[in-house]
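Welcome, and take a moment to turn the model around before reading on. We will go through it step by step, setting out each term as it comes up.

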Amino acid sequence: MADELLVRLQSRLDALPDGLQAHIYRVRDVALELAVSHGIEPARAELGALAHDVCRAVPGEELLKMSAELGLDVSDVEADFPLLLHGPVGAGLLERDDGLSDHSLYEAVRWHSTSHASLDPLGKLVFLADKLDPQKAAVYPYQAKLHDMARESLDVALLEFLSREMALRLERGETVHPASVDARNSLVLKLRS
Ligand SMILES: [Fe+2]
Ligand SMILES: [Fe+2]
């Protein structure tokens with residue numbers, strides 16, 4: 001039940017470090033703004049934003065343990081950088097313990113770090129709202145442009161973000177999560193047609 005989920009989620013949020021809570025509420029504000037632009041139910045956009053980082057403060061070692069407990073597959077890229085598991089573990093925990101039964105919300109939380117080819121508009125919105133936290137402007141110098149794009153088209157903005165970040169990672173010789181590659185390919189093909 002959504003109300004029960006909200007109560008449980010709120011108690012998880014209250015226990016998070018202050019800086020992380022502040023990030024989550026800024027993401028909520030961006031998510032609500034984008035929800036209006038795209039005709040997405042504000043309550044679901046808000047819930048996705050509030051839920052996305054419930055496990056962001058969990059250390060990598062612990063995320064690996066929790067992934068095993070939750071029966072989540074851990075890829076080589078994730079084993080090398082377990083922080084990537086905070087979305088999947090967060091979604092799994094909310095589903096197992098807190099009554100998260102909405103598949104679209106589950107996916108939005110699960111894939112908010114890497115994106116995924118199957119993300120629906122709500123998932124794309126939560127993904128982008130996370131990157132559009134005004135405090136991340138230094139990390140993403142093109143953030144203002146990305147925000148304008150996101151108001152117009154979630155697909156165009158998501159493709160822009162994935163292309164830019166992937167190019168950077170390739171340039172630095174870093175890994176690229178397979179889900180990000182698939183997500184970008186699907187957007188290239190969708191937007192080309
Ligand atoms: Fe996150
Ligand atoms: Fe976040």
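Predicted model: local features only at pLDDT ≥ 70, side-chain atom pairs only at ≥ 80, totals over all residues.

Let us begin with what it takes to be buried: a residue is buried if 20 or more other C-beta atoms lie within 10 Å of its own, exposed if 12 or fewer, and partly exposed in between, with C-beta atoms placed from the backbone. Serine 115 has 26 C-beta neighbours inside 10 Å, so serine 115 counts as buried. We will come back to this serine at the end.

Residues are numbered from 1 along each chain as its sequence is written, and chains are lettered from A and ligands numbered from 1 in the order in which they are written.

Now for the overall view. The protein has eleven helices and zero strands; here helices (H or I, at least four residues) and strands (E, at least two) are DSSP runs, numbered from the N terminus. Along the sequence this gives the pattern α-α-α-α-α-α-α-α-α-α-α. The radius of gyration is 16 Å, close to the 16 Å that the globule rule gives for 193 residues, so the protein is as compact as a globular protein of that length. That radius is taken over C-alpha atoms, and the globule rule is 2.2 Å times the number of residues to the power 0.38. Along the principal axes, the C-alpha atoms fill a box of roughly 40 × 40 × 30 Å. Of the 193 residues, 38% are buried.

How do the helices meet? Two packed helices are described by the angle between their axes and the distance between the axes. The axes are lines fitted to C-alpha atoms, for helices over the stretch in contact, and angles run from 0 to 180 degrees between N-to-C directions. Angles under 35 degrees count as roughly parallel, over 145 as roughly antiparallel, 65 to 115 as roughly perpendicular and the rest as oblique. A crossing is left-handed if the near helix is turned anticlockwise from the far one by less than a right angle, and right-handed if clockwise.

Start with helix H2 (residues 18-38) and helix H3 (residues 42-51), which pack at an angle of about 155° with their axes 8 Å apart. H2 and H3 are therefore roughly antiparallel to each other, and H2 passes H3 in a right-handed crossing. On the H2 side the contact is made by Ile24, Val27, Arg28, Ala31, Leu32 and Ala35, and on the H3 side by Pro42, Ala45, Glu46, Gly48, Ala49 and Leu50. Two residues are in contact if their C-beta atoms, placed from the backbone, lie within 7 Å. Sorted by class, the contact of H2 with H3 has nine nonpolar, one polar and two charged residues. In this sorting Ala, Val, Leu, Ile, Met, Phe, Trp, Tyr, Cys and Pro count as nonpolar, Asp, Glu, Lys and Arg as charged, and the others, Gly among them, as polar.

H3 also meets H8: their axes come within 9 Å and cross at roughly 50°, and H3 and H8 are therefore oblique to each other. Here Arg44, Ala45, Gly48 and Ala49 in H3 meet Leu122, Leu125, Val126 and Ala129 in H8. H8 itself is mostly covered, with ten of its eleven residues buried. The cover over these buried residues includes H2, H3, H7, helix H9 (143-152) and helix H10 (154-171).

For another pair, look at helix H4 (residues 60-69) and helix H6 (residues 86-97), whose axes come within 10 Å and cross at roughly 45°. That makes H4 oblique to H6, and H4 passes H6 in a left-handed crossing. Leu63, Met66 and Ser67 in H4 meet His86, Pro88 and Val89 in H6.

Finally, where does serine 115 lie? Serine 115 is in the loop between helix H7 (103-110) and helix H8 (121-131). Most residues other than glycine have a negative phi. Serine 115, although it is not a glycine, has a positive phi of about 70°.
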